Amino acid sequence: MPLKCYDRLSGQVALVTGANSGIGKGVAIALGSEGAKVVINYVADEEAAQEVVHAIKEAGSDAIAIKADVSKEDQVKAMFKEAIKELGTVDILVNNAGMQRDCSFADMTLKDWQFVLDVNLTGQFLCAREAVREFLKRGIKPEISCSAGKIICMSSVHEVIPWAGHVNYAASKGGVMLMMKSIAQELGPKSIRVNSIAPGAIKTPINTSAWETPEAEKELLKLIPYKRVGDPMDVGRLAVFLASDESEYIHGTTLFIDGGMTLYPGFTTNG
Ligand code: NAD
């Protein structure tokens with residue numbers, strides 16, 4: 001059944017990186033279902049990207065797919081140029097693309113470290129910079145939004161929870177936190193709104209092994225006081241709120257969406 005199109009974001013263009021899978025896909029469909037035209041960025045699997053385009057068109061809005069590796073400056077610039085040519089501007093950036101390359105610290109190669117930092121942190125910098133350049137050029141269109149533009153960075157509970165065996169990933173998300181806050185401090189006066197979403201455990205291909213068997217899911221639920229693993233649409237709904245003027249006064253902060261994973265659940269029976 002097609003999703004119904006509401007209009008909290010009508011007239012706006014959103015660009016979602018890594019939008020052909022998992023959380024990015026959920027966010028793109030949620031934004032599209034609220035009337036935004038959506039650029040579906042992907043780096044591999046064009047068919048999956050076209051499926052998201054189709055789902056958004058079914059919901060009554062418009063979407064296009066653009067291939068780009070977010071860690072490559074020339075590809076990011078070309079993606080924004082094409083998005084602006086095709087859809088007129090970009091009002092909302094969801095910096096979602098990310099990956100893991102897990103390894104014990106002593107065995108982690110410089111390549112594993114660099115690759116994760118390049119995609120998860122530098123990729124967010126490159127996309128945010130292009131978005132900000134477009135926001136500054138266009139300025140506010142009051143009939144569309146109170147803000148000149150909105151940036152939502154996909155962080156993680158691991159911007160605050162250390163993660164053994166994932167040093168590169170945790171460092172990239174810690175970096176996203178202060179990058180987001182610094183951009184927010186610098187560009188708030190230009191009415192550019194910048195925030196992060198920090199998911200806990202959401203069922204996507206990035207963490208299949210953590211929930212695909214009942215035993216694994218039971219183990220995972222020990223970390224989640226609310227006793228449910230998240231769904232990409234949980235994050236999609238939050239992204240819609242953060243992209244819309246309903247959240248106009250929320251700026252430079254991280255909203256955790258984690259079923260309580262950041263509540264130190266290990267202390268539940270330890271008082
Ligand atoms: P996923 O693997 O389903 O999606 C990641 C997406 O990023 C894919 O579409 C992938 O192709 C894309 N991507 C990877 N490298 C890219 C590149 N160089 N250029 C463009 N796209 C690239 O995983 P997910 O769980 O949906 O992850 C999405 C984001 O959410 C990531 O930033 C991840 O760190 C974050 N996150 C996920 C969880 C979770 O539990 N799933 C928790 C916290 C944070």
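Let me start with Tyr-169, which is buried at a relative accessible area of 10%; buried here means under 20%, exposed over 50% and partly exposed in between, with a 1.4 Å probe and protein chains only. Quick caveat: this is a predicted model, where local features need pLDDT of at least 70, side-chain atom pairs count only at pLDDT 80 or more, and totals for chains, interfaces and linings use all residues. Numbering runs from 1 along each chain as its sequence is written, and side-chain values use heavy atoms, leaving out hydrogens and water.

So who does Tyr-169 pair with? Trp-163: the ring centres are 5.6 Å apart with planes at 70°, so we call it edge-to-face. For pairing, the centres of Phe, Tyr or Trp rings (the six-membered one for Trp) must lie within 6.5 Å; planes under 30 degrees apart are stacked, over 60 edge-to-face, the rest tilted. Trp-163 itself is partly exposed, at 28%. There are two aromatic pairs in the structure, and Tyr-264 with Phe-267 is also edge-to-face, because the centres are 6.4 Å apart and the planes at 90°. Those two residues are both exposed.

Now, the ligand. It has 27 residues around it, and Tyr-169 is among the closest, along with Asn-20, Ser-21, Ile-23 and Thr-204; the cut-off is a heavy atom within 4 Å. On polar contacts (N or O pairs within 3.5 Å), a ligand nitrogen sits 2.8 Å from a side-chain N or O of Asp-69, and a ligand oxygen is 3.0 Å from a polar side-chain atom of Lys-173.

Terms used
Polar contact = N/O pair within 3.5 Å; in protein donor to acceptor, adjacent residues only side chain to side chain.
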